[in-house]
Amino acid sequence: GRSRMPDVEGLIARHAPWAGRDHQWRLTPFEQFMWLDDRADYPLVFEVVLRFAGRIDPLAMTDAWRFALARHPLLRATIADNAGGPTWIAPARGWRGLDVVDAASSTSSDLAPFDLERESGLRGVLRETADGHDLALHFHHACCDGHGARMFLQDLVLAYVVLRGASDDDDPFFRCDAALLDDRSDHAVAGGRKVPLWRRFWHPLRFALLRPAPATSDLPAATTTRPRTPAGAALGQRTHTFSADEVAGMDAIQQRYASTRNDIAIAMLFDVLADWQRRHGRPERSRLRVAVPTDLRGRADERMPAANRYTYIFLGRALSECHGWESLLTGLQRDFQQRRQEGRGGQFLDILRRAAPHRALMRWFLRRRSCFSTAVITNLSDPSWRLRKRLPVDADGLMWLDGARCLDIEIRTPPPRPGTRWGIGIFEYAGRMTISFRYDSSAISSAAADEIMARYVNLWRSLLATAERPRAPAVEPTVAFSQTS
């Protein structure tokens with residue numbers, strides 16, 4: 001039977017006692033970088049959508065939303081640009097609520113920008129559908145990263161089943177402590193072996209000198225320079241999902257190549273980028289650079305509320321070095337591990353720390369349409385993996401929330417910045433693997449996006465087929481995409 005249903009204020013008092021006080025935190029250099037690099041036509045916003053078959057109780061979900069916001073102060077904070085520097089202001093009251101709308105309400109495919117000086121960096125919408133409900137969460141990247149969004153999602157879902165009286169445990173929540181937000185700019189965990197001083201200066205200089213070429217545009221020059229309105233209209237998306245059956249052999253493939261899924265995904269991206277650049281006339285000496293977001297969390301951070309605890313590691317190759325993903329794999333894997341051990345991600349954060357006091361110069365520099373990386377790739381794994389220890393999961397690997405079956409979790413990764421025209425995201429749910437391709441539609445046509453996505457997907461399809469048919473010839477299947485332009 002159902003347990004006694006608690007009230008939300010009692011849950012907050014027990015599990016988020018800090019929520020009753022106003023809090024302030026100075027923006028970290030990384031948060032300031034994400035705030036300054038935001039712009040209306042390339043909003044630094046990402047989306048997580050849970051699609052349910054079966055009814056979600058709007059009142060219980062609204063209370064669960066309030067509980068989750070109480071646990072994660074940066075997601076209910078705004079920025080005050082005062083004399084001491086930009087500061088998060090997280091008030092004890094006046095939080096943004098969850099919007100509840102019916103199926104007839106209008107919707108937009110664009111991810112609307114946030115004005116963090118006027119509003120907090122999280123929006124949520126519970127929308128009725130023909131099957132049940134969709135729950136859409138929009139996060140501004142200055143507030144948290146993908147791991148932080150996963151922590152918020154965990155609290156939201158677990159609070160819902162508790163408030164519905166559908167949990168066998170009245171305390172299923174993962175531990176959390178807002179005091180740990182004081183340490184969110186500490187990146188000592190990024191370090192590894194000691195690096196000579198000259199190399200710490202040489203790496204940033206080499207980064208600046210070996211500038212990458214942006215992904216070549218296939219559109220007329222006039223199109224690439226025209227501002228796009230409304231907000232978000234310069235962004236396009238393609239997605240493809242591999243079934244659980246198709247992905248079933250992935251572990252064996254990783255063992256065969258002695259590589260992670262992330263290593264393989266990066267090598268394939270270089271392969272597709274190189275093919276595109278060559279076919280569009282780039283010289284062999286031109287360079288490619290891929291930015292790889294890298295988590296900095298250690299065991300001490302497991303109880304930190306939603307925040308940004310990551311950095312970027314950059315991998316580069318000359319076009320002349322790129323001849324098939326398998327030939328690239330070992331070298332890229334070695335370079336990535338070496339950069340992690342040398343704390344290259346920490347060096348990137350150190351550069352931001354030194355630049356942070358010079359905010360006007362930093363803003364001017366970021367507004368230039370420079371290419372810092374040709375593409376970015378993000379592997380978010382399965383956002384529900386910890387929830388599976390707390391919630392019922394059926395034979396198809398789908399989670400249940402008190403009679404509502406979570407059919408899918410969809411993610412739209414943040415858009416590329418100007419000059420970085422390609423972004424690949426990889427995530428999993430219920431054994432399935434989804435690839436998302438975000439692109440700058442002011443430089444890449446819809447037809448080109450189909451072509452790029454088909455090539456990347458077909459590299460994966462050919463590889464996954466080898467788990468069952470090692471000598472089967474590669475097949476060029478017809479690939480179907482969902483489109484957002």
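A: Helices (H or I, at least four residues) and strands (E, at least two) are runs assigned by DSSP and numbered from the N terminus. The model is a predicted one, in which local features need a pLDDT of at least 70 and side-chain atom pairs count only at pLDDT 80 or more, while totals for chains, interfaces and linings use all residues, and side-chain values use heavy atoms, with hydrogens and water left out.

S373 has a relative accessible area of 6%, and therefore counts as buried; buried means under 20% relative accessible area, exposed means over 50%, and partly exposed lies in between, with a 1.4 Å probe and protein chains only. Leaving aside neighbours within four places in sequence, S373 is in contact with P212, R289, A291, F314, G419 and T420, where contact means heavy atoms within 4.5 Å.

The protein chain has 13 helices and 16 strands, and of its 485 residues 55% count as buried. Among contacts between residues at least 6 apart in sequence, 80% join residues at least 24 apart.

Another buried residue is R123, in strand β6 (residues 122-128), with a relative accessibility of 17%. Its side chain reaches the backbone oxygen of A112 at 3.2 Å, and a polar contact of 3.5 Å joins the side chains of R123 and E119. A polar contact is a pair of N or O atoms within 3.5 Å; within protein, one atom must be able to donate a hydrogen and the other to accept it, and residues adjacent in sequence count only if both atoms are side-chain atoms. Beyond four places in sequence, the contacts of R123 include W65, R96, F114 and H138.

E451, which lies in helix α13 (residues 446-465), is instead partly exposed, with a relative accessible area of 36%. When residues up to four places away are not counted, E451 touches W276 and R279; the C-alpha atoms of E451 and W276 are separated by 9.7 Å, although the two residues are 175 apart along the chain.

Most residues other than glycine have a negative phi. A258, in the loop between α8 (250-257) and α9 (261-279), has a positive phi near 50° and is exposed, with a relative accessible area of 57%. A430, in the loop between β14 (422-429) and β15 (432-440), has a positive phi of about 55°, but is buried, with a relative accessible area of 11%.

Helices can also be read as whole elements. In helix α1 (residues 8-15), V8, L11, I12 and H15 are buried. Seen down the axis of α1, these buried residues fall within an arc of 100°, so they line one face of the helix; the arc is that of the directions from the helix axis to the C-beta atoms. What covers the buried residues of α1 includes α3 and α4 (146-163).

Helix α2 (residues 29-36) packs with helix α11 (residues 344-355) at an angle of about 75°, with axes 8 Å apart. Axes are lines fitted to C-alpha atoms, for helices over the stretch in contact, and angles run from 0 to 180 degrees between N-to-C directions. The two helices, α2 and α11, are therefore roughly perpendicular to each other, since angles of 65 to 115 degrees count as such, under 35 as roughly parallel, over 145 as roughly antiparallel and the rest as oblique. Here P29, F30 and F33 in α2 meet F348, L349, L352 and R353 in α11.

Finally, confidence should guide the reading. The chain averages a pLDDT of 88, and 87% of the residues score at least 70; pLDDT is the predictor's confidence in each residue, from 0 to 100. Over residues 224-230 the pLDDT is below 50, and it also stays under 50 over residues 469-485. Where pLDDT is low, the predicted coordinates should not be read in detail.

Definitions and conventions
Residues numbered from 1 in each chain as written.
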